[in-house]
Amino acid sequence: MRRLLTPALLLALLAVPMAGCGLRPLYAGGGGGRVAVALSQVEVAPIAGKAGYLVGNAIRDRLVSNRGNPPLYRLEIKLDDKIIGLGVRSDDTITRERRTLRARYQLIDLANGAVLLDATAGSDAGVDVVGSEYATIAAEDTALERLSAIVADQIVARMALYAERTSQAGS
């Protein structure tokens, strides 16, 4: 019994200093909070290609609707989508691929054209190349869908953090 109390007591003692660490929820206030309101004022500029379609839709899905209000910011994104062969057999056939999706994005203030945020996001995924060309293409497409969601999450999280930091500076 004494051994079980010691780890529990230790955890309780370690948690006490964490209570006053000043962490606050990023999306405090829900849909009416500072961050949600700021994100609802962002329009996503069209992005070229299939990856652009997927990333753009994923970002729009993560942003709160602006309820018909005109946007104050525009998000411009340029994507770099590559597939590189990694594993090669003795007969020069590729057995493994790496798909990378990188995004360079800018958050632009529509009032004055100032670039408020200029950053990058990206991720990569491995793809097995199998005997069936259809299966390989399906795996590449699935990887692109996953990568698009990951990149969209990174971009929205970075914009939310920017919105929180700038709203704190203004208050």
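This is a predicted model: local features need pLDDT of at least 70, side-chain atom pairs count only at pLDDT 80 or more; totals for chains, interfaces and linings use all residues.
Two strands count as paired if DSSP finds at least two bridges between them.

Read from the N terminus on, its elements go α-α-β-α-β-β-β-α. Of the 171 residues in the protein, 29% are buried. Contacts also reach across the sequence: among those between residues at least 6 apart, 63% join residues at least 24 apart.

Now for the sheet. Strands of a sheet pair through backbone hydrogen bonds, and they can do so either parallel or antiparallel. Here 4 strands make an open sheet in the order E1-E2-E3-E4, and the pairing is mixed. E1 and strand E4 (115-128) sit at the edges, each pairing on one side only. On average, and ignoring direction, neighbouring strands of this sheet are turned by 25 degrees against each other.

Strand E1 (residues 42-44) and strand E2 (residues 73-88) run parallel and are joined by 3 bridges. Within this pair, Val-44 stands opposite Leu-75 in E2. Next along, E2 and strand E3 (residues 94-109) run antiparallel, with 15 bridges joining them. Here the bridge partner of Ile-77 is Tyr-105 in E3. The last pair, E3 and E4, is also held in the antiparallel sense, this time over 13 bridges. In this pair Ile-108 stands opposite Val-115 in E4, while Arg-99 has Ala-125 in E4 as its bridge partner.

A helix comes into the picture too. Helix H3 (residues 49-62) packs on the sheet and touches E1, E2 and E3. The direction of H3 makes about 130 degrees with that of E2.

What about the turn between E2 and E3? The hairpin of these strands has 5 residues between them, and Asp-92 takes a positive phi near 65 degrees there. Asp-92 has this positive phi although it is not a glycine. The place of Asp-92 is in the loop between E2 and E3. Is Asp-92 buried or exposed? Its relative accessibility is 64%, and the cut-off for exposed is over 50%, so Asp-92 counts as exposed.

Ser-123 gives a contrasting case. This residue lies in strand E4, and it counts as buried because its relative accessibility is 15%, with the limit for buried set at under 20%. Which residues does Ser-123 touch, leaving aside those up to four places away in sequence? The list is Arg-99, Thr-100, Leu-101, Arg-102, Leu-147, Ile-150 and Val-151. As a general point, in a regular strand the side chains alternate between the two faces of the sheet.

Ala-160, in helix H4, has 0% relative accessibility, so it counts as buried. Ala-160 also shows how the fold brings separate parts of the chain together: Ala-160 and Val-35 are 125 residues apart in sequence, but their C-alpha atoms are 5.8 Å apart in space.

Finally, there is the question of empty space. Rolling a probe the size of a water molecule over the atoms shows where such space is left. The largest pocket has a volume of about 200 Å³. Of the 13 residues that line this pocket, Ala-38, Gln-41, Tyr-73, Ala-163 and Thr-166 are the closest to its centre. The elements that give two or more residues to the lining are helix H2 (34-40) and helix H4 (133-170). Which element provides the largest share of the lining? That is H4, with 5 residues. By residue type, the lining of the largest pocket divides into 9 nonpolar, 3 polar and 1 charged.

Definitions and conventions: Residues are numbered from 1 along each chain as its sequence is written. Side-chain values use heavy atoms; hydrogens and water are left out. On a 1 Å grid over the protein atoms alone, a cavity is a set of points where a 1.4 Å probe fits but cannot get out, and a pocket is an open set with protein on both sides within 12 Å along at least five of seven lines; lining residues have an atom within 4 Å of a point. Grid points are joined across faces, edges and corners, and a volume is the space filled by probe spheres set on the points. Ala, Val, Leu, Ile, Met, Phe, Trp, Tyr, Cys and Pro count as nonpolar, Asp, Glu, Lys and Arg as charged, and the others, Gly among them, as polar. Axes are lines fitted to C-alpha atoms, for helices over the stretch in contact, and angles run from 0 to 180 degrees between N-to-C directions. Contact means heavy atoms within 4.5 Å. Buried means under 20% relative accessible area, exposed over 50%, partly exposed in between (1.4 Å probe, protein chains only).
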